[in-house]
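Work through the exercises below with the sequence and the 3D view side by side. Try each task before you read its solution.

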Amino acid sequence: MTTTLAPTTGRRAMSTSTVAQTWAMSVRSMQSLVRQPALVVPSLIFPLFFAALGTSSFSRATDLPGFPAVDSYLDFALAGAIVQGILFGSTTGATALATDIENGFFDRLLASPSTRTGIIVGRMAGGMAYGAFQSLFFVLVLLPFGLSVKGGIGGVLGLMVAGTVLALAVGALMAAMALLTGSSEAVQGAFPLLFIGLFFSSAFFPRETMSGVYGRMADFNPISYLVEGMRDLVIEGVSASALARAILVPAALSVFTIMLSLRALKRRLGAS
């Protein structure tokens with residue numbers, strides 16, 4: 001006597017298996033971050049260092065014409081510190097993916113009956129969880145030093161959501177780099193390019209105080225609008241405009257970078 005699964009039951013079982021495999025890959029990604037503090041600590045320490053250095057050096061810059069009304073430069077610098085940390089942390093996740101490719105673990109996953117997209121989605125999910133943690137971490141660490149979040153708990157939650165979506169956008173971009181090159185060194189080498197994008201934005205000074213080529217580059221840089229949305233949650237409070245810029249800008253970037261990573265995955269699968 002044989003038993004035949006109904007098509008609906010078969011699809012449900014496959015869907016459940018896909019979710020379970022993706023969740024397992026997500027847990028593995030998060031555990032790898034926890035177990036390798038040497039990889040994640042710099043993404044927590046360096047943004048705090050730059051925030052402290054900027055607050056000490058540019059505290060009087062808040063009196064410049066065009067500078068937004070803030071209680072301190074620390075309030076102004078928080079958004080830039082969060083974005084900086086997430087750029088750094090997302091590169092770490094993609095480097096781990098490239099390392100999996102280099103040591104053959106990625107090929108063993110492909111040889112197993114696991115979902116292909118779950119391998120990438122799981123890695124991105126780990127990065128998204130870390131991005132949310134980083135956003136909360138920077139707020140909690142800087143609060144004793146005079147940080148004031150006008151948006152209150154709602155503003156902090158908005159920062160965490162924005163950090164999560166930004167981690168997805170950057171993680172997908174760097175995952176595409178890892179899949180295309182299969183080299184952790186190439187992924188790490190691409191990080192300065194992200195940092196250049198951050199410096200040519202309004203992360204450290206408002207666009208109203210910029211002029212010339214630097215000001216025009218900041219106007220065209222989407223990071224400027226992301227940072228300004230996150231900053232408004234800190235220095236002005238929660239508003240629809242601030243949330244839209246803080247969340248929709250990285251969400252739009254995510255659509256583009258996820259397409260890149262899926263295309264890179266398809267190319268690697270075709271070559272294997």
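**Exercise 1. Decide whether Ala190 is buried, partly exposed or exposed, and find what it touches.**

Step 1. Take the relative accessible area of Ala190: 7%. Buried means under 20%, exposed over 50%, and partly exposed in between, with a 1.4 Å probe and protein chains only. So Ala190 is buried.

Step 2. Ala190 is found in helix H7. Helices are DSSP runs (H or I) of at least four residues, strands are runs (E) of at least two, and both are numbered from the N terminus.

Step 3. List the contacts, meaning heavy atoms within 4.5 Å. Leaving out residues up to four places away in sequence, Ala190 touches Met174 and Met177.

Step 4. Compare sequence and space. Ala190 and Met177 are 13 residues apart in sequence, and their C-alpha atoms are 8.4 Å apart.

A note on the source: this is a predicted model, where local features need pLDDT of at least 70, side-chain atom pairs count only at pLDDT 80 or more, and totals for chains, interfaces and linings use all residues. Residues are numbered from 1 along each chain as its sequence is written, and side-chain values use heavy atoms, with hydrogens and water left out.

**Exercise 2. Classify the ring pairs Phe46 with Phe88 and Phe67 with Phe205.**

Step 1. Recall the rule. Rings of Phe, Tyr and Trp (its six-membered ring) pair if their centres lie within 6.5 Å; planes under 30 degrees apart are stacked, over 60 edge-to-face, and the rest tilted. The whole structure holds 15 aromatic pairs.

Step 2. Phe46 and Phe88 have centres 6.2 Å apart and planes at 15 degrees, a stacked pair. Phe46 sits in helix H2 (residues 37-57) and Phe88 in helix H3 (residues 73-102), so the pair ties together parts 42 residues apart in sequence. Phe46 is partly exposed at 41%, and Phe88 is partly exposed at 24%.

Step 3. For Phe67 and Phe205, the centres are 6.4 Å apart and the planes stand at 90 degrees, so this pair is edge-to-face. Phe67 is in the loop between H2 and H3, Phe205 in the loop between helix H7 (184-199) and helix H8 (212-220), 138 residues apart. Phe67 is buried at 8%; Phe205 is partly exposed at 23%.

Step 4. Look around this pair. Ring pairs link Phe58, Phe67, Tyr73, Phe76 and Phe205 into a cluster.

**Exercise 3. Check the length of H3, then find where H3 bends.**

Step 1. The expected span is 1.5 Å times one less than the number of residues.

Step 2. H3 bends by about 30 degrees at Ala79.

Step 3. Count the cover. In H3, 27 of 30 residues are buried.

**Exercise 4. Which residues touch the most other members of the largest nonpolar core?**

Step 1. A nonpolar core joins buried Ala, Val, Leu, Ile, Met, Phe, Trp, Tyr and Cys residues through side-chain atoms within 4.5 Å.

Step 2. This core has 64 residues, and Leu78, Val83, Phe106, Leu147, Leu159, Leu179 and Met230 touch the most other members.

Step 3. Take Leu147. Beyond four places in sequence, Leu147 touches residues including Leu74, Leu78 and Val234.

Conventions: The bend at a residue is the angle between axes fitted to the seven residues ending there and the seven starting there.
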